[in-house]
2 protein chains.
Amino acid sequence: MPDPDVIDLPNFLPYRLAVATDAVSGRLARRYREEFDLSIPEWRVMAVLGRYPDISANEVAARSAMDKVQVSRAVALLIRNGHLDRRADDTDRRRTMLSLSDSGQEIYRRIVPMARAYEQDLFARLSGPEAEVLMRALAQLSQP
Amino acid sequence: MPDPDVIDLPNFLPYRLAVATDAVSGRLARRYREEFDLSIPEWRVMAVLGRYPDISANEVAARSAMDKVQVSRAVALLIRNGHLDRRADDTDRRRTMLSLSDSGQEIYRRIVPMARAYEQDLFARLSGPEAEVLMRALAQLSQP
DNA sequence: GAACAATAGTTTCAATTGAAACTAATTTCA
DNA sequence: TGAAATTAGTTTCAATTGAAACTATTGTTC
């Protein structure tokens, strides 16, 4: 039984979560960077737009756990690199509708199988039931 | 069954991990900041030194998943705030042995129960077996 | 319909972080 | 021994991030 006056970092859940995320995101970020020259925020924007084409930056933020500043910056980079198209919304000229350009779609088409394969490699470390528990537990921990 | 040409971010394991870690670390970081004026790197250094007194900065790094630059910065802040003592190692004058000062021990004594209580609140969201699976799964995902 | 509040998105400025270079001390080995 | 390599820890400089302020447009209310 653990000493209640002391904390053992390797068994401390928040630490362990952070270490796992660092490892998982770090490896993935390196591949996005090397193979597609994308950061994780840029990838998230593309992932959302691949799934939900023609939505506003705000809607991207809502679907990607990013705030509007992060989205604005990632969108600016993606547009600069030609991976996104932006058109003004006629009915509300504050909004801009975003979508993947041809080049963006081409990258998306190639990045999805890579990301899926990476995720499969992660799941391969767990049994089926463990994977289900993990996903549920992460949802529980994400709640405010 | 999911469309294989598209990724649904909320079901994508690396994303879900990152969101959970953001939530868990964010809430905890706020409490460290508000109640103790500590950042997470500073807390990690203190946690390691509370558990293993009188070790070098390098050993702190090895036990906290931080690199030597992060440790160096956190240690500098903690010393500036009087929470750490540092003394030169006689047998190897490159090394400096670190330990919690009286003020550091006082904070440590108060922060440990808070951190434990927070962790208990997290575990309360899960069943006992779920918690065990989660901890094992995080260890699996952390491996290179 | 004019004033005020709210929303979409961007920019600015400071703080944090990362990568590389740096200093100082120790170890290796010809 | 003494030159070269290694190790501990710090510093520097650029890139990234966060918080707050900002612009432009739309919605609300009197």
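Does Ser25(A) count as buried or exposed?

Analyst: The model is predicted, and the values below are computed from it. Ser25(A) counts as buried, because its relative accessibility is 17% and the cut-off for a buried residue is under 20%.

Ser25(A) belongs to helix H1 of chain A. With neighbours within four places in sequence set aside, Ser25(A) touches Ile40(A) and Ala18(B). One of these contacts, Ala18(B), lies in the other chain. That residue leads to the next topic, the pockets.

Ala18(B) is among the residues that lie nearest the centre of the largest pocket, together with Thr21(A), Arg44(A), Thr21(B) and Asp22(B). In general, empty space is found by rolling a probe the size of a water molecule over the atoms. Here the largest pocket holds about 520 Å³ of space, and 22 residues line it. Three helices supply at least two lining residues each: H1 (13-36) and H2 (40-51) of chain A, and H1 (13-36) of chain B. The biggest share of this lining, seven residues, comes from H1(B). Sorted by class, the lining has 13 nonpolar residues, six polar ones and three charged ones.

The second largest pocket has a volume of about 280 Å³. Its lining has 13 residues, and those closest to its centre are Arg116(A), Pro2(B), Val6(B), Asp8(B) and Asn11(B). Helix H5 of chain A, residues 102-123, gives the most to that lining, namely four residues. The classes here are six nonpolar, two polar and five charged.

H2(A) is mostly covered, with nine buried residues out of 12. The buried residues are Glu42(A), Trp43(A), Arg44(A), Val45(A), Met46(A), Ala47(A), Val48(A), Leu49(A) and Gly50(A). Arg44(A), in that list, is also among the residues nearest the centre of the largest pocket. The length of H2(A) can be checked as well: at 1.5 Å a residue its 12 residues should span 16 Å, and the end C-alpha atoms are 16 Å apart, so the two agree.

Most residues other than glycine have a negative phi. Asp37(A), in the loop between H1 and H2 of chain A, has a positive phi of about 55° without being a glycine. Asp37(A) counts as partly exposed because its relative accessible area is 48%. Asp54(A) sits in the loop between H2 and strand S1 (55-56) of chain A. The phi of Asp54(A) is also positive, about 60°, and this residue is not a glycine either. With 36% relative accessibility, Asp54(A) is partly exposed.

Ser25(A) is buried, whereas Asp5(A) counts as exposed, at 58% relative accessibility. Asp5(A) is found in the segment before H1 of chain A. Beyond neighbours within four places in sequence, Asp5(A) is in contact with Tyr108(B) and Val112(B). Within its own chain, Asp5(A) stands 97 residues from Asp102(A) in sequence and 59 Å from it in space, C-alpha to C-alpha.

Leu134(B) is one of the buried residues of H6(B), along with Glu130(B), Ala131(B), Val133(B), Met135(B), Ala137(B), Leu138(B) and Leu141(B). The cover over these buried residues includes H1, H5 and H6 of chain A as well as H1 and H5 of chain B. H6(B) runs over residues 128-142, and at 1.5 Å a residue its 15 residues should span 21 Å; the end C-alpha atoms are 22 Å apart, which agrees.

Key: Residues numbered from 1 in each chain as written. Chains lettered and ligands numbered in written order. Predicted model: local features only at pLDDT ≥ 70, side-chain atom pairs only at ≥ 80, totals over all residues. Heavy atoms only, no water. 1 Å grid on protein atoms, 1.4 Å probe; cavity = no way out; pocket = protein on both sides within 12 Å on 5 of 7 lines; lining within 4 Å. Points joined across faces, edges and corners; volume = space filled by probe spheres on them. Nonpolar A, V, L, I, M, F, W, Y, C, P; charged D, E, K, R; others polar. Expected span 1.5 Å × (residues − 1). Buried < 20%, exposed > 50% of the residue type's maximum accessible area, 1.4 Å probe, protein only. Contact = heavy atoms within 4.5 Å.
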